[in-house]
Amino acid sequence: QVQLVESGGGLVQPGGSLRLSCAASGSIVSFAVMGWYRQAPGNQRERVATITRGGTTNYADAVKGRFTISTDNTKNTVYLQMNSLKPEDTAVYYCTANRGLYLPSDWGQGTQVTVSS
């Protein structure tokens, strides 16, 4: 089990940018996949972006071309750079770690992202 702590959320105007950080208590290379999920009011949690230990990335169609996931293994930190933000991006964003290939085994506490004029 690993502790994941997100930071960087907040209020931003449409078209703006935010960079989320996820600090892990242990080595993130122990996990097959690191990622970000989000949940908006009235909606189920959805997978936003993932990155494998080998560096392969995957993005939800809704964010492809706007969001970038990356890692700094020496700092045990995962990032989500969010550009061209839209009101529909408003959600609580969760950092995740996968011991296996398909489902997260560890979750952060979440950080609120609000995109509004």
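Visitor: Which cysteine is joined to cysteine 22 by a disulfide?
Guide: In this predicted model, the S to S distance of the pair is 2.1 Å, and a disulfide is a pair of cysteine sulfur atoms within 2.5 Å, so the contact qualifies as a disulfide. By this rule the count comes to one disulfide, and the partner of cysteine 22 in that link is cysteine 95.

Visitor: How many residues apart are cysteine 22 and cysteine 95, and in which strands do they lie?
Guide: The link connects distant parts of the chain, with cysteine 22 in strand E3 (residues 18-24) and cysteine 95 in strand E9 (residues 91-98). Both cysteine 22 and cysteine 95 are buried, and the link between them is left-handed, with -80° about the S-S bond.

Visitor: Is the ring pair of tyrosine 94 and tryptophan 107 stacked or edge-to-face?
Guide: The count of aromatic pairs comes to two. In the pair of tyrosine 94 and tryptophan 107, the ring centres are 6.0 Å apart and the planes stand at 75°. Planes over 60 degrees apart count as edge-to-face, so the pair of tyrosine 94 and tryptophan 107 is edge-to-face.

Visitor: Which residues do ring pairs link into a cluster?
Guide: Tyrosine 94 in strand E9 and tryptophan 107 in strand E10 (residues 106-107) are 13 residues apart, and their pair links distant parts of the chain. Tyrosine 94 is buried, with a relative accessible area of 12%, whereas tryptophan 107 is partly exposed at 32%. The cluster linked by ring pairs consists of Tyr37, Tyr94 and Trp107.

Visitor: Which arginine has its charged end over the ring of tyrosine 94?
Guide: Arginine 19 lies over the face of another ring, that of tyrosine 79, at 4.0 Å from the ring centre. Over the ring of tyrosine 94, at 4.1 Å from its centre, sits the charged end of arginine 45.

Visitor: Does asparagine 76 count as buried or exposed?
Guide: Asparagine 76 lies in the loop between strand E7 (67-72) and strand E8 (77-82), and its phi is near 50°, a positive value in a residue other than glycine. Its relative accessibility is 19%, and the limit for burial is under 20%, so asparagine 76 counts as buried.

Visitor: What is the relative accessible area of serine 84?
Guide: Serine 84 is placed in the loop between E8 and E9, and its phi, near 50°, is a positive value in a residue other than glycine. Serine 84 is partly exposed, and its relative accessible area is 42%.

Notes
Residues numbered from 1 in each chain as written. Predicted model: local features only at pLDDT ≥ 70, side-chain atom pairs only at ≥ 80, totals over all residues. Heavy atoms only, no water. Helix = DSSP H or I, 4+ residues; strand = E, 2+ residues; numbered from the N terminus. Buried < 20%, exposed > 50% of the residue type's maximum accessible area, 1.4 Å probe, protein only. Phe/Tyr/Trp six-rings, centres within 6.5 Å; stacked < 30°, edge-to-face > 60°. Lys NZ or Arg CZ within 6 Å of the ring centre and 35° of its normal.
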